[in-house]
Amino acid sequence: MLEDYFRQYGLIAIFTAIAVILPGSLLVVSWLLSFLRIRPSKPNDVKRSPYECGMELIGDRWPQFNFRYYMFAILFVVFDVETIFIYPWAVQFKQLGFFAFAEMLVFILILVIGWAYAWNHKALEWR
Amino acid sequence: MTLHDLYLLSPELSLASLGMVVIILDMVLRRKGVLAAVSVVGLLAPLAFSISLWGDLSGEPDGQMVGIFNTLVVDKFSLFFKFLVMGIVALVVMSSVEYVSRLRQFQGEYYGLMLFSASGMMLLAATTDLISTYVALELTTLPLVALAAFLRDSRSTEAGIKFLLLSAMSSAVLLYGMTLTYGFTGTTQLVEIFERLGASLDATVPFGSHALFLGVIMIVAGFGFKIAAVPFQMWVPDVYEGAPTPITAYLSVASKAAGFAIILRVFYIGFGEISLDWAALFAVLSAVSMTVGNLVAIAQKNIKRMLAYSTIAHAGFLMVGVASIAARVPVGETTLGPSGVLFYLVAYAVTNLAAFFAIIAISNRTGSDMISSFAGMGRRAPFLAIILAFAIVSLLGIPPTAGFMGKLYMFSAAMKSDLAWLVVVGVVNSAISAYYYLKVIRVMYMVDPEGEEKIHVAYAPQAALYITALGILALGIFPGPLMTVAEKAVAVLFR
């Protein structure tokens with residue numbers, strides 16, 4: 001049984017080795033080819049940018065985000081979780097009966113209190 | 001989940017609802033003074049439910065009611081801690097009235113978070129399953145973290161961050177320990193852990209198995225953080241110093257009581273088979289905690305830091321009772337160890353709260369926590385000084401105080417379980433602690449005051465002071481009734 005246990009880790013070790021060697025060898029081969037002038041080296045601004053396509057980059061890498069964004073993120077997560085919780089409840093609504101209905105009401109009541117609290121403390125205003 | 005389950009949970013649920021009501025009232029009301037009154041009066045609801053549950057217990061053949069998929073139990077042990085936590089909350093709220101009225105915002109949150117944390121502590125004493133233990137532990141800790149950082153100055157913020165990071169760390173260690181235990185036994189239920197351990201232990205290995213050895217030590221580390229035992233005490237002085245003083249008082253008694261509740265339940269019920277092994281572990285931790293706490297306290301100039309180290313030392317004294325499990329193995333079924341822990345927790349609660357309430361009242365006026373700022377308080381505030389001196393005498397363990405009776409029970413339990421060396425360490429430590437405790441009394445009565453202005457105390461904190469001081473005296477003179485209740489409470493641990 002212990003052997004089995006280590007065999008599992010052996011598989012992971014082989015996988016890790018391949019995952020490191022394959023991309024690593026590509027880099028090494030590319031570096032070696034540059035000596036043979038098969039791989040030309042002509043850097044320019046577009047090539048050196050982190051993403052070659054998509055949005056154009058603006059500003060520095062370490063901009064300061066507005067701290068208020070954090071409040072909205074938290075409130076969003078709260079309601080996100082609520083949706084996830086309500087969905088299976090709604091699917092099973094008939095089987096669960098009245099008790100689950102009352103429990104969901106309590107849950108939503110607690111969320112509403114939290115939401116009223118955030119509103120009351122002006123967390124929803126962008127200042 | 002049935003209505004009966006809800007009834008079993010009713011003290012915790014009503015306490016948490018009370019916390020929400022206080023926060024809602026804070027949004028609606030202009031006069032914030034009402035909030036403290038609502039918090040104290042509202043405690044009558046969980047109190048009534050707890051009394052009703054206590055009454056129902058007499059009808060149960062095995063003295064317990066199990067609910068919510070066997071994760072929660074209502075027995076006299078958990079109810080004992082419910083009453084203790086409610087008492088502590090009521091007293092701390094009363095003593096915070098003046099302190100909180102000077103906060104510019106978040107007064108409702110202050111009381112609300114305290115009540116949320118208390119509901120976690122009540123739950124913690126009632127859990128019989130490792131997973132619900134963990135949930136209750138987090139419910140206890142997270143509001144306390146917010147409260148420690150409540151003042152939002154640099155010290156308080158530092159306290160909050162340290163508390164948050166270190167408690168997250170200790171939770172991780174605790175969870176790892178629980179995982180190993182689960183891996184070894186295949187269950188998270190304490191009673192089932194006990195049953196399955198009996199068959200599968202190897203007597204040649206400490207703790208009966210290598211996995212369990214590691215698991216139990218990690219669980220001890222996780223709980224040791226809660227009760228501020230050395231070597232898991234690093235957070236205590238900084239958090240105690242930075243947190244608002246009433247919260248420091250609350251942390252030092254309530255959080256410790258809840259920690260010991262869960263230690264007693266997990267180890268006496270879950271790991272009863274290997275009691276001799278972990279009893280030795282707790283005995284060593286106890287000796288180290290007492291010694292380190294008392295020696296470092298000598299050097300402190302800030303009274304909150306000094307009491308923080310004294311808390312560590314008292315965690316050591318309390319662990320003497322936990323280590324006295326061996327007493328049940330030989331002749332004469334004695335429950336003195338754990339029932340002594342329960343008695344000591346109540347005695348320590350009234351004593352430490354009295355000391356902290358006097359300190360809050362004095363430093364509200366002087367604006368300083370330094371021991372030197374207590375100079376001449378014997379003249380400036382005779383009433384506060386005498387109560388602080390009395391509390392200190394009780395912390396030291398001199399009769400006729402609660403602290404003396406507590407130490408007496410602890411040490412006699414240790415003697416009965418052949419832990420004479422631990423008693424010697426304890427007595428030597430009591431002598432060491434006299435040095436720094438009596439220093440405060442000396443400063444109050446024999447050093448000239450910095451000013452002549454008298455110090456006045458509002459009604460509610462004054463009432464809290466009277467109650468705690470009376471408690472110290474009453475428990476010191478008539479320990480019998482409380483001890484009888486404590487013995488009934490711990491009976492569920494011995495089955």
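I began with helix 8 of chain B, where B:Gly198 and B:Ala199 are exposed on the other side from the buried residues, B:Leu190, B:Ile193 and B:Leu197. Seen down the helix axis, these buried residues fall within an arc of 50° (taken from the directions from the axis to the C-beta atoms), so they line one face of helix 8 of chain B. I counted a residue as buried if 20 or more other C-beta atoms, placed from the backbone, lie within 10 Å of its own, as exposed if 12 or fewer do, and as partly exposed in between. Helices are DSSP runs of H or I with at least four residues, numbered from the N terminus.

The model is predicted, with local features needing pLDDT of at least 70 and side-chain atom pairs pLDDT 80 or more, while totals for chains, interfaces and linings use all residues. Residues are numbered from 1 along each chain as its sequence is written, and chains are lettered from A and ligands numbered from 1 in the order in which they are written.

I next checked what the buried residues of helix 8 of chain B pack against, and found helix 7 (154-185) and helix 11 (245-270) of chain B; contact requires C-beta atoms, placed from the backbone, within 7 Å.

I then turned to helix 17 of chain B, in which 11 of the 15 residues are buried, so that helix is largely enclosed by the rest of the structure. Its cover includes helix 13 (303-323), helix 14 (336-366), helix 16 (382-396), helix 18 (420-446) and helix 19 (459-477) of chain B.

How values were computed
Helix = DSSP H or I, 4+ residues; strand = E, 2+ residues; numbered from the N terminus. Contact = placed C-beta atoms within 7 Å.
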